[in-house]
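Here is a short briefing to read beside the structure. Keep the 3D view open as you go.

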Amino acid sequence: MSELEFRVAIRDALAEELERDPTVLFFGEDVAVAGGVFKATPDLFERFGPDRVFDTPISELALAGAAYGAAVTGMRPVFEVMFGDFMALAMDSLVNQAAKFWYISNEQGTVPLVVRSAVGAGGRFGAIHSQTHGTWFQGVPGLKIAFPSSPAEAKGLLKASIRDDNPVVFLEHKRLYSVKGPAPTPEQEVIPLGQAGIARQGSDLTIVSVGKGVPDALAAAETLAGDGISAEVVDLRTLRPLDVHTVLGSVARTNRIVAVEEGPRTGGWAAGLLGAVAEEGLHDLDDAWILATAETPIPYSPTLEDAFLPQTEAIVDSVRSRLGVAAPS
Amino acid sequence: MARLQAPGQQDTAGAYLDGYARMLLIRQFESAMHRLFLRGEVHGTTHLYAGQEAVAVGVCMALNPDDYVAGTYRGHGHALAKGTEPEPLIAEMLGRATGVCGGRAGSMNVIDLAHGLIGCYGIVGGSIAAALGASVSAKRQGRVAVCFFGDGATNQGYFHECMNMAAVQRLPLVFACENNLYAEFTPMADATAGADIAARAAAYGTPSAVVDGNDLWAVHSAAQTAVDRARSGDGPTLLECKTYRHYGHSKGDPAPYRTKEEVEQWFERDPLKLARARLLKDGLGEEQVAAAEQTTTALIDQAIENALAAPYPDPAIDAATEFSP
């Protein structure tokens, strides 16, 4: 099976959709000539030219407006907001314009735009280049939020996002860009938004996460298997729509759930998900908890940042502790 | 009812008579909104365009039907000038199912894509961002986009970021600033540095003009130059149209911050009065003008009657979906 690097998966998805649909545009800060600061978009400018792929000023307000206005007038724009943290500057056009348009126009038109951003901590980028902004947008009806966990998903979800007629906030975890994984199967070429996946089957416990949390959960499940704990891993893939149904199906098999979120639990997706699981699946639950970050900004120092993040070791420790299983000596 | 004229017919007296009739339509529409608000038929709040009619109509006279416009929360005039029919617009204000947005949008947020109105925006400066994006499409479609915004919006990041990007990319975008001298309740001098907003364009290498926003002919002429520039690939233009609103900022504002003298001075230069006098001076007969006025009045009266008789949307059968399929 051929291997695909996450950043190449992003580039391939963009290239294939630019090729497929002449209304697709791609723009952002240093994405065209330079190929992106994370080297996710090289060669697109050379291949498709400045009319389709172009650099912009460092003006997130203008970028988001440009994408929204272009989307309601016949284009299918994809734009990059370099770091997810910068999305704070782009919120008006996304939240007050793009997300509302389909509904308040009485369905006169659609807003087929995608905003891609690098998100997540672990790279020592500090508090304002490490956040994951998905939950800032999760309470906004009309927006979809996609967050791939692997190269194959990056390609399949991005292609689906570009073809979607609704505005999509697309999150790319920085620590995944250099990850290599199996190339998409034919079924994974376009992955429908709003459908979670079972990344690993198990019977004792459901670990649910998204983005980089999924490979962390898979690594934790491998370790836990050595303890005799059979963990199922659910990959949400999108935060809105949130596929509660798949999570409920998993909990019906395992009766325990831990939601692993790289972000504070207050206002996070994990709390909302467990609320929905409790509401509809209480009869299946023996235990449910959340592993999230502290309620502080993300620290810089390697020792502080590593301790802050709910990564593989923290997941293993949390599950052992909750299930009363001692670590092997 | 007067229709927006096709290009090439715009300098005829007939085109300006149509423009005048459309200004009158906006004035009568806003008078009706004022009355219907006081009767409890228009809900929430509303921002009336009366006094500024020459700006929207003069600019839209320079546009093709398929060009794009983004309006403000003071947007009834923008919609009517671009071609939105009065009856569905009134019905929208009344929250009725026959509204141009089915009653989902209301006064501040009207969208009418069939007439190129991509939206009206309730947040100051939002229209600039939306029109910037429309100009990205327009450049590829041989069209032009216009954003209307007030003097207050020129202190938002949107104004500066979008003008910079439009200038760099030579986008076909016309910035139509309606300088009505007050940012909500605050006089321009207390909120906006520099004497003329038009001067701000120089920093972006963008041409600009200060325009008598109460003179239909002056606005149309300046807009035509800007639209022609945009359409020929020469990029954006800023028009600072000096004008005055006849009402307060919104329905909750009796505008105590304006002096009686100032108000009287501006009402003397009511754009409708000026336009009517100019039409007669240019050789149209009193009967012709009066006939256009009667047609407009009859149209708006009928539209109000029909809209008031229309049903409210029924929540039980509202088939709203969060997402487009």
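This is a predicted model: local features need pLDDT of at least 70, side-chain atom pairs count only at pLDDT 80 or more; totals for chains, interfaces and linings use all residues.

Chain A is assigned two domains.

**Chain B overall**
- Chain B has eleven helices and eight strands.
- Its radius of gyration is 19 Å, close to the 20 Å that the globule rule gives for 325 residues, so chain B is as compact as a globular protein of that length.
- The C-alpha trace of chain B spans about 55 × 50 × 45 Å along its principal axes.
- Buried residues make up 54% of the 325 in chain B.
- Take the contacts in chain B between residues at least 6 apart in sequence: 75% of them join residues at least 24 apart.

**The two domains of chain A**
- Domain 1 of chain A covers 3–188, and domain 2 covers 197–323.
- The C-alpha centres of these two domains lie 26 Å apart.
- Where they meet, 25 residues of domain 1 of chain A are in contact with 22 residues of domain 2 of chain A.
- On the domain 1 side, the elements giving two or more residues are helix H5 (134–137), strand S6 (144–146), helix H6 (151–163) and strand S7 (168–173) of chain A.
- S6(A) gives the most to that side, with three residues.
- The domain 1 side divides into ten nonpolar, eleven polar and four charged residues.

**The largest nonpolar core**
- In soluble globular proteins, nonpolar side chains tend to be buried together.
- Here the largest nonpolar core has 197 residues.
- Those with the most contacts inside the core are A:Ile207, B:Ala131, B:Leu132, B:Val146, B:Val174, B:Ala176 and B:Leu239.
- Helix H1 (residues 13–38) of chain B gives the largest share of this core, ten residues.
- Domain 1 and domain 2 of chain A both give residues to this core, so the core lies between them.
- Look at B:Val146 up close. Leaving aside neighbours within four places in sequence, B:Val146 is in contact with B:Val59, B:Leu63, B:Val69, B:Ala131, B:Val174 and B:Ala176.

Definitions and conventions
Residues are numbered from 1 along each chain as its sequence is written. Chains are lettered from A and ligands numbered from 1 in the order in which they are written. Helices (H or I, at least four residues) and strands (E, at least two) are DSSP runs, numbered from the N terminus. The radius of gyration is taken over C-alpha atoms; the globule rule is 2.2 Å times the number of residues to the power 0.38. A residue is buried if 20 or more other C-beta atoms lie within 10 Å of its own, exposed if 12 or fewer, and partly exposed in between; C-beta atoms are placed from the backbone. Two residues are in contact if their C-beta atoms, placed from the backbone, lie within 7 Å. Domain bounds come from an automatic or database domain assignment. Ala, Val, Leu, Ile, Met, Phe, Trp, Tyr, Cys and Pro count as nonpolar, Asp, Glu, Lys and Arg as charged, and the others, Gly among them, as polar. A nonpolar core is a set of buried Ala, Val, Leu, Ile, Met, Phe, Trp, Tyr and Cys residues joined through C-beta atoms within 7 Å.
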